[in-house]
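I opened this notebook page to record what I looked up on nonpolar cores, aromatic pairs and charges over rings. The entries follow the order in which I worked.

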Amino acid sequence: AYPVSNIRVSSGIPRLDRMLGGGYYKGSSILVSGSAGTGKTSIASAFANSICAKGGKCLYCSFEESPEQIMRNMRSIGFDLAKWHKKGDLQFHTVRPTMYGLETHLVNLHRLVSEFKPDAVVLDPVSNLAAVGDTDQVRSMLTRLIDYLKSSGVTALFNDLTSGDQTDEMTNLGISSLMDSWLLLCTVESN
């Protein structure tokens with residue numbers, strides 16, 4: 001059991017906030033899934049930027065890109081994450097999943113959240129954890145992480161890289177049922 005909030009937290013994207021009735025619920029878990037290039041990191045960065053712009057703190061855990069690369073790329077679409085990083089409101093934790101086992105990743109995330117006390121956490125992408133555990137192990141680790149974040153009132157956004165043009169109602173890791181909200185991104189081609 002954990003406290004549930006009716007307070008809304010902005011996604012950082014006004015039209016998405018309107019679609020969601022005011023944004024994400026504070027303390028909820030959000031899954032953003034899609035294939036490469038569909039905008040998962042952009043949505044995560046908009047969220048992190050919004051949290052920091054409103055005086056909150058965000059922990060951004062990247063399993064692929066360096067903080068410098070994320071900050072450079074997001075600056076090109078209007079998000080100056082570097083200023084929040086310099087101010088201390090945005091903390092990056094970047095590590096290759098294969099550096100540790102799942103339990104060590106979980107312990108490190110608990111420690112980081114406990115020490116930094118963020119309002120929001122981003123994990124980008126959780127699908128990379130499949131390199132160090134099978135689907136059941138990753139799901140178990142993420143379930144425990146989600147429970148910890150919910151108990152702490154932390155809003156969490158999880159990016160999940162899907163293969164190809166997968167638009168199934170299930171993720172590769174089978175974690176969609178753990179989430180409060182799920183944004184499924186896909187590329188739509190037209191003339």
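I took buried to mean under 20% relative accessible area, exposed over 50%, and partly exposed in between, with a 1.4 Å probe and protein chains only. I note that this is a predicted model, in which local features need pLDDT of at least 70, side-chain atom pairs count only at pLDDT 80 or more, and totals for chains, interfaces and linings use all residues. Residues are numbered from 1 along each chain as its sequence is written, and side-chain values use heavy atoms, with hydrogens and water left out.

**Entry 1: cores.** I looked up the nonpolar cores, each a set of buried Ala, Val, Leu, Ile, Met, Phe, Trp, Tyr and Cys residues joined through side-chain atoms within 4.5 Å. The largest has 28 residues, of which Y24, F47, C58, Y60, L81, L90 and L157 touch the most other members.

**Entry 2: F47.** I found F47 buried, at 0% relative accessibility. Leaving aside residues up to four places away in sequence, F47 is in contact (heavy atoms within 4.5 Å) with V9, S10, S11, Y24, A120, V122, T155 and L157.

**Entry 3: aromatic pairs.** Rings of Phe, Tyr and Trp (its six-membered ring) pair if their centres lie within 6.5 Å; planes under 30 degrees apart count as stacked, over 60 as edge-to-face and the rest as tilted. Y24 and F47 are edge-to-face because their planes stand at 75°, with ring centres 5.5 Å apart. Y24 is in strand β2 (residues 24-25) and F47 in helix α2, so this pair ties together parts 23 residues apart in sequence. Y24 is buried, at 2% relative accessible area.

The pair of Y60 and F92 is tilted, with 5.5 Å centre to centre and 45° between the planes. Y60 belongs to strand β4 and F92 to strand β5, so the pair joins parts 32 residues apart in sequence. I noted Y60 as buried at 0% relative accessibility and F92 as buried at 12%.

**Entry 4: charges over rings.** I required NZ of Lys or CZ of Arg within 6 Å of the ring centre and within 35 degrees of the ring normal. The charged end of R8 sits over the ring of Y25, 3.8 Å from its centre. K57 lies over the face of F116, at 4.6 Å from the ring centre.

Technical notes
Helix = DSSP H or I, 4+ residues; strand = E, 2+ residues; numbered from the N terminus.
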